[in-house]
Amino acid sequence: MEENWKDYYHKGLAAFFTVAMCIVFFFLIFRFDELRAYARMIMKILRPFAFGAVIAYLLSPLCNHFERYLARAAGLEKRPEAAAGRLKKLFAAVSIFLSLFLFCFVIYVLVAMVVSQVFSSVRMLAEAMPGYILKTTVWLEDLVKEDTFLINYVEQYSEEILNGMQDFAKTQLLPNINDIISGGSVSLLTFLMTAKDLVIGLIVAVYFMNSRKLFARQAKLVIRALFPPKEHLKEDRMQAADWILKEVDIINDYLGGFIKGKLLDSLIIGLICMVFTSVVDMPYAVLVSVVIGVTNIIPFFGPFIGAIPTAALILMVNPVKCVYFVLFILVLQQFDGNILGPKILGNTTHLSSFWVLFAILLFGGLFGIVGMVIGVPVFAFFYQLAREWVLGRLKKQRAGTEEKPAQEPAS
């Protein structure tokens, strides 16, 4: 009777989950817009927690380093257990404070150094833009001054462009000035909301960093509870919970090592670029260096994304220095791709250039800039899973072939 009850229970549970999955599938197909709206609302609410989690994830190695240093300096292993426990809590709080203070200090220094220079460069560019336009106009006039037909052609289309701009100002710009102001207000409000989420994210990061070891232990307990050990498992097979924990450690190594190493690599590249542009008196030196350093975070496409607009800025001021800058960027990217990058990142992803390009295009199309940054390590993790599966299958096939007894020849 008990066996029949268990059989009915499992069948009913399977039927329930089948119906539930059908309902979920129906909503995914026919209510996709509503579900996406709800998902965006939830993501907007949880955005401070996402910021806090990212900050805590990036600062956890630094916090662990401070804790180990303080423990060694205080001789924690030689102290009584009760005193050592109190000191551990104190050192954990001090380490979190030092990590966040160093993070905020670096951000403040970068903003203080860069923002004023960027504004100054943008102002110089805005002031010099009429001169660039005048130089271009004079160059065009000198180019076509020998040809009356071309002069008339340029004058004709110049008048048409001027009239079109006036019509645009009268018919489009002025009537929609309120919408433009409203759009600017919305952008300002979005910036303020993002700043508020970042501040809350710093507070959330404190809680994440304070409870990071507890969260790690709880996650391991949950995984082992969901995937209990199986008896009579073959010696060459790993328990499901152990396999999951191993793969989590691998993706943590891939993702953490790649992001942290790429940030350090981009900082070094930006500093090298700043030194070069300052030494050769390149126009917009700080602005150019910031753009090169920030875009270098994006693998493969980053150098091109940053070099094209910065070279165009320098070209408008000094074409000769633009040539020097382009040559310098080519040398710098070769140095970064062949020496500095592999040295810092340690070739953690083990992906070929084709799969790097594929991962950037795929994740960039799905998640934008963030996808382009994290796409390579995430894809490398799935690539590693597929590689392990293929090698495991081939190993089993070879083992099965070797175990088969040789057939006797037919008489």
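Me: How many residues does α8 have, and what distance does α8 reach from its first C-alpha to its last?
Reply: In this predicted model, the expected span of a helix is 1.5 Å times one less than its number of residues, and for α8 that expectation is 58 Å. The helix is followed by D281, whose phi is positive, near 60°. The C-alpha ends of α8 are close to the expected separation, so the answer is 40 residues and a reach of 58 Å.

Me: Which element gives the largest share of the largest nonpolar core?
Reply: The largest nonpolar core has 17 residues, and those with the most contacts inside it include C273, V288, I292 and I314. Two or more residues of this core come from each of α8 (240-279), α9 (285-295), α10 (302-317) and α11 (319-345). The largest share amounts to six residues, and the element that gives it is α11.

Me: How far apart are the end C-alpha atoms of helix α3?
Reply: Helix α3 covers residues 47-74, and at 1.5 Å a residue its 28 residues should span 40 Å. After this helix comes G75, which has a positive phi near 60°.

Me: At which residue does α3 bend, and which proline follows within four residues?
Reply: The buried residues of α3 include I55, A56, L59 and S60, so the residue in question is among those under 20% relative accessible area. The bend is about 45°. It is placed at L59, and the proline that follows within four residues is P61.

Me: Is C63 buried or exposed?
Reply: C63 belongs to α3, where the list of buried residues also includes P48, G52 and E67. Another cysteine, C22, is partly exposed, with a relative accessible area of 49%. Because C63 has a relative accessibility of 0% and the cut-off is under 20%, C63 counts as buried.

Me: How many disulfides does the count come to?
Reply: A disulfide requires a pair of cysteine sulfur atoms within 2.5 Å. By this rule the count comes to zero disulfides.

Me: What kind of aromatic pair do F381 and F382 form?
Reply: A search of the whole structure finds 10 aromatic pairs, and in the pair of F381 and F382 the rings lie 5.5 Å centre to centre with 65° between the planes. F381 is buried at a relative accessible area of 10%, whereas F382 is partly exposed at 48%. Planes over 60 degrees apart fall in one class, and therefore the pair of F381 and F382 is edge-to-face.

Me: Which residues form one aromatic cluster with W355?
Reply: Membership rests on rings whose centres lie within 6.5 Å. The residues that form one cluster with W355 are F358, F379 and Y383.

Me: In which helix of the protein is confidence lowest?
Reply: The protein has 12 helices and zero strands, its mean pLDDT is 77, and 75% of its residues reach 70 or more. Confidence is highest in helix α7 (residues 212-226), at a mean of 87. The lowest mean, 63, belongs to residues 148-173, which form helix α5.

Conventions. Residues are numbered from 1 along each chain as its sequence is written. This is a predicted model: local features need pLDDT of at least 70, side-chain atom pairs count only at pLDDT 80 or more; totals for chains, interfaces and linings use all residues. Side-chain values use heavy atoms; hydrogens and water are left out. pLDDT is the predictor's confidence in each residue, from 0 to 100. Buried means under 20% relative accessible area, exposed over 50%, partly exposed in between (1.4 Å probe, protein chains only). Rings of Phe, Tyr and Trp (its six-membered ring) pair if their centres lie within 6.5 Å; planes under 30 degrees apart count as stacked, over 60 as edge-to-face and the rest as tilted. The bend at a residue is the angle between axes fitted to the seven residues ending there and the seven starting there. A nonpolar core is a set of buried Ala, Val, Leu, Ile, Met, Phe, Trp, Tyr and Cys residues joined through side-chain atoms within 4.5 Å.
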